[in-house]
Amino acid sequence: MRISDARYSRDRMRFDLALRFIQHEARTSTIRQWTGLTDDRIRKLFRTYIVEDGAEGITRHRGKSPQQVSFFTRSPQMRQEAAVLASVCYMLGVMPAARVSDARKSLPGVQRGEALCEAYEVYRQLVGTPRISFEHAVFLVTALARGDELRATHCAGCRGLILVDQGAMPTRGCGSCEENGQERLL
Ligand SMILES: [Zn+2]
C-alpha cells in the first residue's frame with residue numbers, strides 16, 4: 001500500500017467511526033477524542049449527514065458529559081442493563097486487559113471505538129427498551145477501565161458479571177440471585 005493510500009484509508013476509518021458516533025448521538029467532544037478529527041471537520045460531517053442524508057431525529061447533546069457511576073447501580077433494572085452492556089464490551093474487546101488510571105486519555109482510539117459501537121449496537125438489540133445512552137456507554141467503559149469507582153466482578157451465586165459501585169453498599173450477587181436468596185451469597 002502506498003503511503004497516500006494508507007493515509008486515505010486511515011482518514012476513511014476516522015470518518016466512518018465519526019459517522020457511527022453521530023448516529024449514536026455522541027457529543028462533539030467525545031467524537032473528537034475517539035476519532036482524532038477536529039471540531040470543524042466533525043461539524044461539517046454532522047451538517048452533511050443531517051442536511052443531505054435527511055437523518056432527522058438525531059440530536060446533538062450539549063452540556064456536561066455523564067460523571068456519576070451511581071447511574072449504573074441506582075436500580076435493579078439499571079444494574080442488570082449496565083451488566084449486559086459491560087459483558088458485551090468485555091466480549092468484544094472494548095475493555096483493556098488491565099486497569100488504566102488515565103482511561104479518559106488512553107482508552108480512545110479508532111479500533112476500540114469501532115468495537116465500542118459494535119458492543120453498543122449488540123446491547124441495544126439484547127435489551128428491550130435500552131436506557132443507557134451512547135455517552136453513558138462511553139462513560140461506563142471509561143469508569144470500568146479505571147476501576148476506582150466502579151468495577152466488574154462475578155456474582156457469587158451464578159458467576160454472571162455484576163457491577164460494583166465502590167461508594168455504595170457492598171453487593172455480592174446479581175439481582176436475580178439476591179431475589180432468590182441464593183445461599184451461596186450468604
Ligand atoms: Zn447471580
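Visitor: Taking donors as N, O and S atoms within 2.8 Å of the metal (3.2 Å for Na, K and Ca), with water not among the atoms, so that sites may look incomplete, what spacing do the donors of the zinc ion follow along the chain?

Guide: The spacing is C-x2-C-x15-C-x2-C, and the zinc ion is coordinated through the SG atoms of Cys-155, Cys-158, Cys-174 and Cys-177, at 2.3 to 2.4 Å. Please bear in mind that this is a predicted model, in which local features need pLDDT of at least 70 and side-chain atom pairs count only at pLDDT 80 or more, while totals for chains, interfaces and linings use all residues. Residues are numbered from 1 along each chain as its sequence is written, and side-chain values use heavy atoms, with hydrogens and water left out.

Visitor: Where do Cys-155 and Cys-174 sit in the chain?

Guide: Cys-155 lies in the loop between strand E1 (150-154) and strand E2 (161-165), whereas Cys-174 lies in the loop between E2 and helix H8 (175-179), so that the pair, 19 residues apart, links distant parts of the chain. Helices (H or I, at least four residues) and strands (E, at least two) are DSSP runs here, numbered from the N terminus.

Visitor: And is Cys-155 buried or exposed?

Guide: Cys-155 is buried, its relative accessible area being 0%, and Cys-174 is buried as well, at 14%. Buried means under 20% relative accessible area, exposed over 50% and partly exposed in between, with a 1.4 Å probe and protein chains only.

Visitor: Switching topic, which residues of H1 are buried?

Guide: In helix H1, which runs over residues 3-23, the buried residues are Leu-17, Ala-18, Phe-21 and Ile-22. They lie on the same side of H1, because they cover an arc of only 145° around the axis, the arc being that of the directions from the helix axis to the C-beta atoms.

Visitor: How many salt bridges does a search of the whole structure find?

Guide: The search finds 10, a salt bridge being a side-chain nitrogen of Lys or Arg within 4 Å of a carboxyl oxygen of Asp or Glu. One of them joins Arg-20 and Glu-118 at 3.5 Å, N to O, and this pair, 98 residues apart, links helix H1 with helix H6 (residues 110-126). Arg-20 also forms a salt bridge with Glu-121, where the closest N and O atoms are 3.1 Å apart.

Visitor: What about Asp-40, which residue does it form a salt bridge with?

Guide: Its partner is Lys-44, with the closest N and O atoms 3.2 Å apart, and both residues lie in helix H3 (residues 39-53), 4 residues apart, about one turn of the helix.

Methods:
Expected span 1.5 Å × (residues − 1).
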